[in-house]
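Here is a short briefing on one protein chain.

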Amino acid sequence: MARVFQVPAGSSRSGARRAAGTPAVPAPAPARGSGEQKAGIVAGYLAPHPPHLVYAENPPQNEPRSTGGWEVLRWGYEELRRRLRAHRPDVLVVHAPHWITMVGHHVNCVPNPRGISVEPIFPHLFRYHYDFRTDVDLAEAIVEEGERAGLVTSALREDGVRVDYATIGALHLANPEWDLPVVSLSANNNPYYYSDASLTEMETLGAATRRAIERTGRRAVLLGSNSLSHLHWDIEPELPEDMSAERPFNHAQYAGDMELLQTIREGPTSRLKDAVPKHIEATSSETKAGSLTWLLAAMGWPDIAGDVLAYGTVIATGNAVVEWVP
Ligand SMILES: [Fe+2]
């Protein structure tokens, strides 16, 4: 995948970039704001972002109003929120597939992103007013570690760039209080345009993310914002939250999701290195955008099972809320 966008670590190109301004790797910083608690990645969640789930909650930030819907998935997110709180993170780091960057991996380094995020296909469901803080030190550290690993990376510093709905959706669903700083990573979607596409590069990005978290001494929770099976209806009912119209696209899509979730529930995560590409092939899974692979690679493919908190369909796509605690 994307060989043209990944230069070998230590090449003249990356070396020149380092010489031009990237500082040497500093010693790990002590954990901040967490007392005796250990720094590092304290949990990772598969945290899908269907705008319908935010719409169904009627938060004050979202303009459209609903009568509910998709409750089982939303109950799963309620459990995620309880568990996330218990981990007492300093920061949420999210990788989401709809901040698409064609060249390289971008990290949002804007200190206070604010604006309105709109879902382009469902603007009648998601027009969300956001205003949050970025952990700029960690964001910049991820950029630096990505470069050191040979990835093409970029720091987004332009205030006012609209934050995509997948990033906002996952962050709202995981932490509707928005009282934790955030680091947001783009999806380098050039794999969609190359025949030799693979998820290898997400391994590198995940490892770079982990090094940056450890180096800055953060307690971080990671959110990989991907749906599973991804075929969906092209019409919706008169009432979008009419659950009598909600079901899997077909049996094969549902069965593919169940096979992947069974592997997740059994563990260890290393089995997913084969299972995820197989699932993508079978179900057009949104995990092709790499968020799940980034998440597991950042945690070092821990020898554990995932805890599936909920599964449900949204306009026929499969969605699971899953926790891994390394
Ligand atoms: Fe999506």
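Buried means under 20% relative accessible area, exposed over 50%, and partly exposed in between, with a 1.4 Å probe and protein chains only. By that cut-off, 58% of the 326 residues of the chain count as buried. This is a predicted model: local features need pLDDT of at least 70, side-chain atom pairs count only at pLDDT 80 or more, and totals for chains, interfaces and linings use all residues. Residues are numbered from 1 along each chain as its sequence is written, and side-chain values use heavy atoms, leaving out hydrogens and water.

**Overall**
- The chain has nine helices and ten strands, taken as DSSP runs numbered from the N terminus (helices H or I, at least four residues; strands E, at least two).
- Contact means heavy atoms within 4.5 Å.
- Among contacts with a separation of 6 or more, 82% join residues 24 or more positions apart.

**Helix H5**
- Helix H5 spans residues 165-174, and ten of its ten residues are buried, so the rest of the structure largely encloses it.
- Among these buried residues are Tyr165, Ile168, Leu171 and His172.
- Asp164 caps the N-terminal end of H5, with a side-chain oxygen 3.0 Å from the backbone nitrogen of Ala166.

**Around Val103**
- Val103 sits in the loop between strand E2 (91-101) and strand E3 (105-108).
- Val103 counts as partly exposed because its relative accessibility is 46%.

Notes. Polar contact = N/O pair within 3.5 Å; in protein donor to acceptor, adjacent residues only side chain to side chain.
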